[in-house]
Amino acid sequence: MASKEENNKKKWKQDFPYHKQNSDLVNRREFAKMLTFVSGGLTFGTGLVAAKANLFPKKKVVGEHLICAKSEVPIGGTRSFTLKDSDIPYILVHLENGTFRAYEQKCTHLSCSVYYEPGTGHIICPCHKGVFDANDGAVLAGPPPRKLPKLSVIERDGSIYIAAEEEKSTI
Ligand code: FES
């Protein structure tokens, strides 16, 4: 009579059949081929993303756009928005000092969606722990290579408008 341990071993082999002669089917050459195929795919994908960014540069924001009433975004609150004819996500932040800021809501590292952490003055990217200064979009920590693209915020008659950030002269 087989012991309980032997029965368990038999059952395990039935559930996970392993044929030693088949284990040699994946040899080094095939493994190297698979690695080449995967890395080639990754390179191709990265190239496509880079080509898209260069061939189809994003549209510039033209003119002013009404976003919402000032009272709709409490202090420490945010509002996500897109502009007409654009799929770029933006985030409007009402900072604790009472001012408003607006940024692209895509991390400059790998385009994850960022969010404002109330009370900290930080905009966070959850993907790789990127941290941006909510006051000017500067990178404070993590892998993002550039600050968050910023929009100008205009407060007028109790409403919030945004416009393209004015380019600063370097002269
Ligand atoms: S995508 Fe934001 S830190 Fe990597």
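This is a predicted model: local features need pLDDT of at least 70, side-chain atom pairs count only at pLDDT 80 or more; totals for chains, interfaces and linings use all residues.
**Entry 1: order of elements.** I read along the sequence and found the protein chain following the pattern α-α-β-β-β-β-β-β-β-β-β-β. My tally for the chain is two helices and ten strands.

**Entry 2: overall spread.** I looked up the radius of gyration next, and for the protein chain it comes to 26 Å. The globule rule gives 16 Å for 171 residues, and 26 Å is well over that, so the chain is more spread out than a compact globule. I also checked the C-alpha trace, which spans about 90 × 40 × 30 Å along its principal axes.

Entry 3: How many of the 171 residues count as buried? I got 15% for the protein chain. Then I turned to contacts with a separation of 6 or more: residues 24 or more positions apart account for 35% of them.

**Entry 4: the core.** I went looking for the largest nonpolar core and found 19 residues in it. Tyr 90, Ile 91, Leu 92, Ala 102, Tyr 103, Val 114 and Ile 123 touch the most other members. Which strands each supply at least two residues of this core? I noted β3 (90-94), β4 (100-104), β6 (122-125) and β10 (159-164). β3 gives the most, with four residues. As background, I jotted down that nonpolar side chains tend to be buried together in soluble globular proteins.

**Entry 5: one residue up close.** I picked Tyr 90 and listed what it touches, leaving out residues up to four places away in sequence. My list reads Phe 81, Thr 82, Ala 102, Tyr 103, Glu 104, Gln 105 and Leu 151. Ala 102 and Tyr 103 had already turned up in my core entry.

Key:
Residues are numbered from 1 along each chain as its sequence is written. A nonpolar core is a set of buried Ala, Val, Leu, Ile, Met, Phe, Trp, Tyr and Cys residues joined through C-beta atoms within 7 Å. A residue is buried if 20 or more other C-beta atoms lie within 10 Å of its own, exposed if 12 or fewer, and partly exposed in between; C-beta atoms are placed from the backbone. Two residues are in contact if their C-beta atoms, placed from the backbone, lie within 7 Å. The radius of gyration is taken over C-alpha atoms; the globule rule is 2.2 Å times the number of residues to the power 0.38.
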